[in-house]
Amino acid sequence: MGVIAKKNVEKMNDSTRKVLDKSFTALSYCALAAMGAAVLLFLLPIAINGAGAVFFNATVEHWKFLEENLGRELQPEVSERIRLADEARVPLVQMIDEFENPPFAAELEESLRKSFGDAVKGISGARADELSKIVSLENPERARRLKEFSARLWASFVDTAQKARAKSGEDGTSIPLEKILHALEEELTDRVKAEISNFEKRAKLKFSVRQQVRRALCAPASKELLSEAEKLHAQNAAYQEFKSGVEELLGPLSAERKEELKLLRQRYGQPRLDLAENVMDKSVRTISVRERDSAGTEILKRVSSAEFFKGTKVGEMLRYIEGNFTAMLRPEFTAYWGFFFDDPYDSNIFGGIWPMILGTFYLTAGSMIIAAPLGICAAIYFSEYAKPCRLVSILQMCVGTLAGVPSIVFGLFGLAFLINTLKVSDSKSVLAGAITLALLVLPTIIRSCEEALKAVPRSYREAAFGLGAGKWKAIRSVILPAALPSMLTGIIISMGRAAGETAPIIFTAATSAGAALALGDVFTQPTPALPWNIYNLCSEHEMAERVAHVQYGMVLTLIAIVLALNFAAILIRAKLQRKMKA
Amino acid sequence: MTQTETLQPPPEPAEKRPAATAAECGQDEDFAVRAENFSVYYGSFHAVKNVSTGFRRGKVTAIIGPSGCGKSTFLRCVNRMNDLVEGCTTSGLLALDGVDIYHKRLDVVELRRRVGMVFQRPNPFPKSIYENVAFGARLKGVSSRSKLDEIVESSLRRAALWDEVKDRLNSNALGMSGGQQQRMCIARALAISPEVLLMDEPCSALDPKSTARIEDLIAELSGEYTIAIVTHNMQQAARVSDFTAFFYEGSLIEYGATDRLFTNPQCAATNDYITGRFG
């Protein structure tokens, strides 16, 4: 009985152990799977979106930019595409031109100008006698009479202008009319001046009187012209909004217009199909119009362009754009390797990220040049020379504490000590940034190198000393070579950390915009760098959503650099270890 | 003496033994290494207690004894390997050719060039065979390739390894078998032409065949070098050594010519140990 019971107990223990074993195994598999999924979830979108910075559907605007700003030679078929796209745009340009300058606009202008001219001529013509009486009066009677005179002078023109404006909604002349009224307003002062000069042939006016007359005669017309133009402008706002959407999509529609615009983002349409489709949706297919709500407050309301412009000439334009979207932009899938090698233009909206890559390289290489020798020396001291004593344990504690200091503190330290106190450079510079980064990674390097040295088998030391090697000889010829793989791994992983750190370089080395730095300038000049520019582009860029692909491209590049460094560490380690193991 | 007494080691055996053994083997044979009243402490632990003995020039001296009896510690003092151990101190005299090994002004590097050592486990550097053997010579400042070649070849020949490795001198030493590695370590030690060769259980990690080769090697080398070998293997001690010292709990119990000590031990403890009754 006792024996059987004992056996059962053993069996039970055995099965419990097996269950436990299995559940632990399952748990660890789950953990691994979760980690893998997390990495995938995290890396996959970055990889896909980041690849979009290089591989994308480029519209003709992309090629135009490359040709005109970077002086790239285009393939003949690309030039052909640009030509075809421009050809497809011609009808649209004509439609717009026709809409803005309709043939009957000339007629309208003529009639308005005639009425305007009649009014102005009144000053020195038909009404000149009346005016000379008025000017001979004393103030304030003169002022009052002048006002009356002016109102009568302009009455007919004002009437014509108001009528034209009232009709413009129906006959579609509001665009040219606005222009005409503005033009007349601009001419007004000169014309009135000229007529006053004519008038003065009869009676010389005192300077002050002349001024008074001119001002009084201009005022009502100017006011009227501006207020009418204002009303027309409100009437035209929806069209102007639509047109600016079209220009955002396709670029300026005429060469003269292109000359006026200075920013690159205004001089070109959308270089990428995804951006173009976005603009098409947000600014062409829909527009915002001002409306008054029931309480009389003016509000902005988004409306569909197709609905809003239904049955008008603008509606026709929209239909043409919808129908010829591809023909006007000619998107074609392309690999833009220049993303890695071109300078950025117009805050990264065009061009590549070369200065950032180069800056990251300078900072990383610089910090390693400083930190690696220091770290290795310190590690050799700690593991080979230092006798356990108070000073050494304090030093060890310092290294440990340094490793735990937040990186932003290193950044502030770099600014306060390196730049403001030591003045390693006048302001931010790659040198100051590299020193700061070096200090940041130094504890990690010391620790990993120390561990590597301590992991060298005791037998190597014994063998070396037993053969009559002095301390330094043993370290140099046996211990260091044996520790090298692990030391390199630690250093390369620190390098990855230095490449990716943002906070230490904010105050010491990074600048948001700037050209690629020549090697000679690293001691005095700041540089753009990937981590800082990713932050800048995501949070401080005025058109952050328009450069989303650049943000992802930069992130992917940075991850690729860090992963490549880690991978290099693994490879070097494996290679050196293979060499050592025979 | 009864057996119960031998398990309690005699309080002061070391004092008398060397005098007796020296007389026994004749005064004409001089000691290359000589210890007088020599003690080693690890912190407060008295590991080697007032040992007086010596290694005769050109002879093989075996040191036997159970684990933890201080024989390795004693051996490692001869080239001051114990300096690497934290808290290790010594007292008494240990002399190489009449010069105090533990003298303050002694150049340890020079000492270690005169006293080579082969360790329990083969410990080649992770370098080529050639570089391993040439290591000591390079340290001494030999840089001419032909001279190094000569030293490497002669050392490997003396260690009876040359024929096996002459075609792969540039391959990694860790690629050799354990026995080959240990012979290479001997060659490496011989390459700096030491006067004394210390061997700390050189065969304990090896198979019988490799052990036999090493023992042959020791026999060949004796006469040319003063050799001290620590071993757990009594047969080995009997086979290769001219003299044997028996250590027990840090003290030297008995020292004498190997033939005599194994056939006619003076101390009962020695007798019990070599007949396998303890240890």
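Predicted model: local features only at pLDDT ≥ 70, side-chain atom pairs only at ≥ 80, totals over all residues.
How many residues of helix α5 of chain B are buried? Nine of the 11 are, so the helix, residues 129–139, is largely enclosed by the rest of the structure. Just after α5(B) comes Gly141(B), with a positive phi of about 100°.

Is Ser494(A) buried or exposed? Its relative accessibility is 2%, so Ser494(A) counts as buried; the cut-off for buried is under 20%. Leaving out residues up to four places away in sequence, Ser494(A) touches Met368(A), Val441(A), Thr444(A) and Ile445(A).

Step back to chain A as a whole. Chain A carries 23 helices and six strands. Its radius of gyration is 39 Å, whereas the globule rule gives 25 Å for 582 residues, so chain A is more spread out than a compact globule. The C-alpha trace of chain A spans about 130 × 65 × 60 Å along its principal axes.

The domain layout comes next. Chain A is divided into domain 1 (2–51), domain 2 (98–261) and domain 3 (350–581). Over C-alpha atoms, the centres of domain 2 and domain 3 of chain A are 71 Å apart.

What of packing and surface? Of the 582 residues in chain A, 43% are buried. Take the contacts in chain A between residues at least 6 apart in sequence: 74% of them join residues at least 24 apart. The accessible surface of chain A is about 30,600 Å², and carbon and sulfur atoms account for 61% of that area.

Chain A has 71 positive side chains and 65 negative ones. The centres of these two sets lie 10 Å apart.

Note on methods. Residues numbered from 1 in each chain as written. Chains lettered and ligands numbered in written order. Heavy atoms only, no water. Helix = DSSP H or I, 4+ residues; strand = E, 2+ residues; numbered from the N terminus. Rg over C-alpha atoms; globule rule 2.2 N^0.38 Å. Buried < 20%, exposed > 50% of the residue type's maximum accessible area, 1.4 Å probe, protein only. Contact = heavy atoms within 4.5 Å. Areas by Shrake-Rupley, 256 points an atom, 1.4 Å probe, with all protein chains shown as cover. Lys, Arg positive; Asp, Glu negative; His and termini not counted. Charge placed at Lys NZ, Arg CZ, Asp CG, Glu CD. Domains from an automatic or database assignment.
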